[in-house]
Amino acid sequence: MDVMNLFRNYEEAVAMILFGIGFSNLLMQKNLIKKIIGMNIMDTSVYLFLAVKGYIEGHKAPIVVDGVQSVEAYINPIPSGLVLTGIVVSVSVSALMLALTIRLYRRYHTLNLDEISTLLKKEEKS
Amino acid sequence: MSRKLSEEEYKKKLSYRMEQWFAGQRDPYLEHLRMKPQAERTLEPEKEEALRKEKKERLDKVYRISDNRPVKLFEKLYRIFCVAFCFFLVIMLLIAVSFLPSYGEDEKPVNNEVSRRYIEKGLQETGAVNIVTGMILDYRAFDTLGESHVLFAATCTVLILLRHDKKKGERDTEEETDRVYEPKNDVILQMVSKVLVPPIILFGIYVILCGHLGPGGGFSGGAVIGAGLILYLNAFGFAKTEKFFSEKTYKVLSVSALGCYCLAKSYSFYTGANHIESVIPLGTPGAILSSGLILVLNICVGIVVAGTMYTFYVMFRKGGY
Amino acid sequence: MSFVQNFPFFSILLSLFAGPLSSVLSGKAAKALNAAVITIAGVLSAATLVFVLGTGESYVYTMGHFPAPWGNEIRVGVLEAGMAVFFCIVMLLCMMGGAAERLLEIEEGKQNLYYVMVNLLLCSLLALIYTKDLFTAYVFVEINTISACGLIMIRQTGRTIEAAVRYMIMSLLGSGLLLLGIVFLYDLTGQLLMDHIKIQVQLLSVTGEYHIPLLIAISFMAVGLAIKSALFPFHAWLPDAYGYSTLSSAAILSSLVSKGYIFLLIKIFYQVIGFDLIVRSKVINVLFVFGVAGMLFGSVSAIREKDIRRMIAFSSVAQIGYIYMGFGLGTTAGMIASIFHILSHGATKSLLFVAASGLTDVSDKQRSIRRLTGAGYRNRLAGVTFTVGALSMVGFPMFSGFISKILFAQAAMENDGKMLVTVVALAVSTILNAMYFLKTVIRIYTPLPADGGGEEAEGNTVLHMRDCPAKSLAMICFIALNLFLGLSSEPIVDLIRKGLDMFA
């Protein structure tokens with residue numbers, strides 16, 4: 001493990017820690033809304049990681065200014081484009097999850113998934 | 001038969017009756033005993049209530065998580081496992097990151113001939129001043145085509161879950177719609193939004209139309225327009241928005257936008273794969289009407305996104321337009 | 001360039017556009033459109049298959065004016081085209097078999113939205129099969145996930161919505177890991193197109209540079225896709241999702257959706273990393289262990305299950321385990337066996353779901369296995385179909401399951417280290433399969449007691465083939481498909497072998 005490089009790559013390291021936070025929230029939180037927040041943290045951390053990939057020290061955003069078209073002037077445009085696509089996916093998935101949560105809440109008046117499944121089993125028994 | 005006793009006397013004897021019973025010819029209980037018809041089970045209401053309560057309590061106890069030992073044990077183990085797994089994951093990732101190419105440097109595998117061509121020839125090949133727009137809507141357009149359909153698929157799932165299909169004569173209940181909490185003619189909000197909504201929507205249109213010239217594009221512009229619509233809805237209520245934006249409006253708009261998108265991209269994919277020159281002119285870079293299909297695609301994406309944002313909002317709020 | 005080469009692209013775009021179009025149509029029109037789209041996509045794929053077999057080599061189709069590392073491309077070979085044909089056939093039959101249930105179980109105003117989901121699902125499956133670009137694959141994986149979730153929860157009961165939530169949580173974990181793996185790989189190689197990544201990865205593996213990040217990228221993608229395809233410890237959502245969703249959804253989900261992810265994983269193995277490197281990286285050993293565990297655990301859970309639909313769903317867990325076990329063997333023979341099992345399981349599982357619904361239809365819609373006593377006499381075709389499916393799952397000769405089991409066993413013989421484990425696991429799992437499937441077959445052919453069975457048999461009806469023509473036709477086609485896979489396995493295995501050669 002190259003510790004110096006880890007410190008130099010501090011943005012990537014932060015993104016990975018955020019990924020861990022989001023992942024553990026998605027796995028462990030009982031409250032559905034918190035799970036969704038965890039999912040969003042996870043997605044965002046991946047986008048941060050991806051966006052960092054394109055950055056080059058001292059270069060500008062990839063919009064052609066004054067006809068300069070040289071690799072020395074602009075950062076890498078590919079990660080930015082991928083992040084754009086990724087964000088849309090994450091928005092759609094969040095909306096879907098929130099809609100599912102609303103439906104469950106209206107019916108069972110709780111946001112705890114385990115409680116909901118015990119209520120379901122109880123419903124079948126009685 | 002017996003020799004000592006006469007016929008009648010013998011028949012009264014116990015041994016005869018026993019014999020008959022064994023042979024199955026005569027059942028002493030048959031026709032002599034009758035089962036009493038079961039009485040209707042009547043319970044006092046209190047008793048019945050008590051019984052029902054007991055059953056419910058029993059069920060409650062079985063299904064209460066705090067009383068269920070195996071479930072509790074499982075939960076504990078699950079938590080321990082999850083924490084361990086997440087720590088393991090983060091440490092692995094950090095180790096991996098420490099080996100990755102350094103941040104912000106020029107000499108990385110990522111900065112290769114692919115990005116070089118996008119930067120150096122993007123303007124000539126796509127006509128877009130904004131290289132990112134040129135990349136996502138021309139070089140790598142298949143991704144973006146998928147992406148706009150992700151958005152549409154999500155809208156459809158939200159419609160499935162939350163759209164409240166009223167049967168005839170049924171009225172909205174408070175629980176299912178938020179309509180009752182609607183601010184009624186809030187003067188401040190109405191005045192502010194009268195001032196704000198037109199510039200917001202104009203700005204959204206500007207962002208969409210200039211997507212190939214500067215920062216912006218269909219998605220961001222569409223989100224701005226959606227926000228404007230939502231503000232308008234909050235100020236003036238559903239009664240006004242219903243007049244110009246119904247579910248049908250949304251569907252027709254998004255289907256025609258997505259269809260236009262599909263057609264435009266089919267054309268460029270087909271001509272590209274079959275090595276046919278595209279007849280669409282790229283125009284002069286920097287002008288509004290330039291960069292071939294990118295402007296059209298941006299407008300399509302903008303329409304879909306604006307409609308989707310508004311739809312999400314009304315579905316979450318009320319379950320209908 | 002021949003005109004036939006455009007067909008894969010046409011089929012993707014057609015199903016993609018049919019999605020939004022269905023949302024403005026009425027339920028009936030959308031249904032007709034959907035059937036037409038699936039049929040056309042199948043025919044186009046079949047024509048492509050014939051073309052590719054004729055030329056004997058795969059070809060690359062540029063999506064746009066820019067060639068490989070700059071633009072998107074799709075790649076068509078024998079395996080891809082064959083898989084597309086198979087998916088279209090199974091999907092058409094599933095939709096046909098579940099038509100009556102859909103009318104009952106889906107709200108009237110939302111019928112057309114169901115077909116939106118199915119069209120988008122078909123499109124994403126086709127795109128996953130053909131795509132050559134990892135990021136495009138990620139986008140279409142998401143479409144696949146969202147539309148599969150739509151298929152689960154369109155029948156709106158508490159159970160299905162809860163199952164949909166669980167499904168989404170698992171899928172999101174999986175797609176998070178998948179995306180992270182893709183980004184790592186992109187960072188190391190600077191490419192997103194599969195064969196360009198492969199060139200770079202081979203170079204890296206020679207120099208030994210970036211060894212650990214590469215390993216992590218591979219394992220993240222493999223684990224992410226394994227989670228999404230419900231490999232054993234991640235299957236908690238599966239029984240509810242398959243057991244309570246509407247019939248055609250359950251059949252499509254079990255036989256196609258998880259297979260799409262698995263096919264993407266095969267593509268990653270062969271076209272992104274290279275199979276040798278995968279075998280050397282030991283990632284497949286993890287898949288092997290979980291696959292074997294899944295085979296046994298899935299079968300044991302199925303034995304304990306009393307609900308027939310859930311029983312079949314648990315059996316899916318076991319069958320997914322088989323496929324991953326085949327990957328884990330790390331030989332081409334194991335891969336061929338796994339791919340054949342994808343076909344055989346896809347054909348059999350949907351058949352079982354349709355047949356099971358035929359049996360429950362004549363038993364007052366009750367799904368507990370005890371209530372199905374004598375159902376094989378009341379709906380004769382469903383009884384026969386279920387028996388065929390059960391025998392195929394158990395591995396009876398003539399049916400497709402037998403061939404895949406024999407292929408797995410043969411593949412195991414080539415692998416010294418894992419031979420014993422594989423063969424024992426196959427044997428045990430076959431016995432367990434026989435226990436629950438044959439138990440059910442015996443149950444449906446046990447006549448009811450002479451007095452009619454009393455309360456137990458209340459609501460029992462008799463159905464003839466003419467009462468439910470669509471479902472009967474679907475069942476007959478499924479039986480034919482199964483027999484076809486079982487009896488003409490030789491050419492199909494040849495086709496798979498040829499496809500795998502072209503694949504790398």
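In helix 8 of chain B, the buried residues are B:Gly204, B:Val207 and B:Ile208. A residue is buried if 20 or more other C-beta atoms lie within 10 Å of its own, exposed if 12 or fewer, and partly exposed in between, with C-beta atoms placed from the backbone. Helices (H or I, at least four residues) and strands (E, at least two) are DSSP runs, numbered from the N terminus. This is a predicted model: local features need pLDDT of at least 70, side-chain atom pairs count only at pLDDT 80 or more, and totals for chains, interfaces and linings use all residues. Residues are numbered from 1 along each chain as its sequence is written, while chains are lettered from A and ligands numbered from 1 in the order in which they are written.

Stay with helix 8 of chain B. It covers residues 187-209, 23 residues in total. What do the buried residues of helix 8 of chain B pack against? They pack against helix 9 (218-236) and helix 12 (294-317) of chain B.

Now take chain B as a whole. Its secondary structure comes to 12 helices and 0 strands. Of its 321 residues, 35% are buried. Its domain assignment, which is automatic or from a database, gives domain 1 (45-99) and domain 2 (128-163 + 182-317). The C-alpha centres of these two domains of chain B lie 44 Å apart.

Chain B also meets its partners. Two residues are in contact if their C-beta atoms, placed from the backbone, lie within 7 Å. By that rule, 46 residues of chain B are in contact with 50 residues of chain C. Helix 7 of chain B supplies the largest share of the chain B side, 15 residues. That side has 27 nonpolar, 11 polar and 8 charged residues. Here Ala, Val, Leu, Ile, Met, Phe, Trp, Tyr, Cys and Pro count as nonpolar, Asp, Glu, Lys and Arg as charged, and the others, Gly among them, as polar.

Next comes the contact between chains A and B. It takes 53 residues from chain A and 51 residues from chain B. Helix 4 of chain A gives the most to the chain A side, with 16 residues. The chain A side divides into 29 nonpolar, 12 polar and 12 charged residues.

What lies inside? A nonpolar core is a set of buried Ala, Val, Leu, Ile, Met, Phe, Trp, Tyr and Cys residues joined through C-beta atoms within 7 Å. The largest one has 304 residues, and A:Leu96 and C:Met91 touch the most other members. Helix 7 (residues 158-189) of chain C gives the most to this core, with 20 residues. Domain 1 and domain 2 of chain B both give residues to this core, so it lies between them. A:Leu96 touches residues of chains B and C, among them B:Val158 and C:Met168.

Finish in chain C, at C:Val90. This residue sits in helix 3 (residues 78-97) of chain C. Why is C:Val90 called buried? Because 26 other C-beta atoms lie within 10 Å. Its contacts beyond four places in sequence are C:Ser255, C:Leu256, C:Gly346, C:Ala347 and C:Ser350. The C-alpha atoms of C:Val90 and C:Ala474 are separated by 9.6 Å, though the two residues are 384 apart along the chain.

Key:
Expected span 1.5 Å × (residues − 1).
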